[in-house]
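User: Take a close look at one part of this model for me: the aromatic side chains and their surroundings. Where do they sit, and what do they join?

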Amino acid sequence: MFFRKKTVDDFVTRGNKNTYDATDVAVYIINYCAEQKRPINNLYLQKLMYLVYSFFLVETTERKHLFKSPMVAWYFGPAFPEVYYAFETYHCNAIPLLNEYRSIMSFDKKYAKHIDIAAKDKELIRYVVDKYRDRTLGDIVFMTQSQKPWSTAYGLSSNGATITDNAIVEYFSKHRQR
């Protein structure tokens with residue numbers, strides 16, 4: 001249902017076990033969307049990050065995080081605070097193509113053109129983004145809030161309870177389309 005494959009083997013393996021900085025993955029998604037003339041805002045970015053995170057955890061053979069960053073249940077759905085705060089200055093506006101940015105973890109500038117994400121991982125990120133990028137912001141917020149990983153965590157605490165990997169694996173393993 002969520003991650004439709006062309007064939008069973010399309011996305012079986014990544015070929016590596018790299019994990020990346022969450023803001024680097026966010027910048028890759030932002031730039032990919034901007035290059036496709038479909039820029040996204042921070043709220044939409046959060047939902048795409050959640051779906052990408054879930055895809056790598058559930059659908060790849062390695063079942064390993066693409067990035068390791070705490071995911072929490074905020075009012076508008078799943079969120080990665082580190083990524084949210086890195087781009088909060090854009091408020092609800094579209095985030096433009098980024099040539100450089102400052103990581104929330106350091107004062108050093110990072111250059112978006114030098115983000116070292118493996119080609120296969122980029123392909124898989126684009127696959128997930130392309131599957132969901134045409135949905136309206138309202139639709140994607142509603143969709144992610146309707147899913148059990150968010151609703152369970154948000155029910156525990158409306159002030160940022162952690163969404164666990166176990167909840168993601170359990171939910172998406174039952175709701176995938178082969």
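Analyst: Start with two rings. In this predicted model, Tyr53 is buried, and Phe80 is buried as well. The count of aromatic pairs comes to twelve. Tyr53 and Phe80 make up one of them: their ring centres are 5.7 Å apart and their planes stand at 50 degrees, so the pair is tilted. The angle falls between the cut-offs of 30 degrees for stacked and 60 degrees for edge-to-face. The pair links distant parts of the chain. Tyr53 belongs to helix α2 (residues 42–58), while Phe80 sits in the loop between β2 (77–79) and α3 (81–86).

A second pair is edge-to-face. Trp74 and Tyr85 have 6.1 Å between their ring centres and 65 degrees between their planes. Trp74 is in strand β1 (residues 72–74) and Tyr85 is in helix α3, so this pair ties together parts that are eleven residues apart in sequence. The cut-off for buried is under 20%. Tyr85 has a relative accessible area of 41%, and is therefore partly exposed too.

Trp74 leads on to the sheet. Trp74 stands opposite Gly77 in β2. β1 and β2 pair over three bridges, in the antiparallel sense. The sheet is open and has three strands, ordered β2-β1-β5, with antiparallel pairing. β2 and β5 (161–162) are at the edges, and each has a single partner strand, so one side of each lacks a neighbour in the sheet. Helix α6 lies across β1, β2 and β5. α6 runs at about 75 degrees to β1.

Other aromatic residues form a cluster. Tyr50, Tyr171 and Phe172 belong to one aromatic cluster. Tyr50 is also in contact with Thr144. Thr144 is found in helix α5. At 0% relative accessibility, Thr144 counts as buried. Leaving aside neighbours within four places in sequence, the contacts of Thr144 are Lys47, Tyr50, Pro78 and Trp150.

Arg133 lies over the face of Tyr44, at 4.5 Å from the ring centre.

Now the nonpolar core. In soluble globular proteins, nonpolar side chains tend to be buried together. The largest nonpolar core here has 49 residues. The members that touch the most others are Val25, Ile29, Leu45, Leu48, Met49, Phe87 and Ile125. Two or more residues come from each of α1 (22–35), α2, α4 (119–132), α5 (137–146), α6 (148–156) and α7 (165–174). Helix α2 gives the most, with twelve residues. Phe87 brings the aromatic theme into this core. Outside the four places on either side in sequence, Phe87 is in contact with Ala26, Val27, Ile30, Asn42, Leu45, Ile95 and Leu98.

Finally, the whole chain. The secondary structure comes to seven helices and five strands. Along the sequence, the pattern is α-α-β-β-α-β-β-α-α-α-β-α. Of the 178 residues, 47% are buried. Among contacts with a separation of 6 or more, 74% join residues 24 or more positions apart.

Technical notes: Residues are numbered from 1 along each chain as its sequence is written. This is a predicted model: local features need pLDDT of at least 70, side-chain atom pairs count only at pLDDT 80 or more; totals for chains, interfaces and linings use all residues. Side-chain values use heavy atoms; hydrogens and water are left out. Rings of Phe, Tyr and Trp (its six-membered ring) pair if their centres lie within 6.5 Å; planes under 30 degrees apart count as stacked, over 60 as edge-to-face and the rest as tilted. Helices (H or I, at least four residues) and strands (E, at least two) are DSSP runs, numbered from the N terminus. Buried means under 20% relative accessible area, exposed over 50%, partly exposed in between (1.4 Å probe, protein chains only). A charge sits over a ring if NZ of Lys or CZ of Arg is within 6 Å of the ring centre and within 35 degrees of the ring normal. A nonpolar core is a set of buried Ala, Val, Leu, Ile, Met, Phe, Trp, Tyr and Cys residues joined through side-chain atoms within 4.5 Å. Contact means heavy atoms within 4.5 Å. Two strands pair if DSSP finds at least two bridges between them. Axes are lines fitted to C-alpha atoms, for helices over the stretch in contact, and angles run from 0 to 180 degrees between N-to-C directions.
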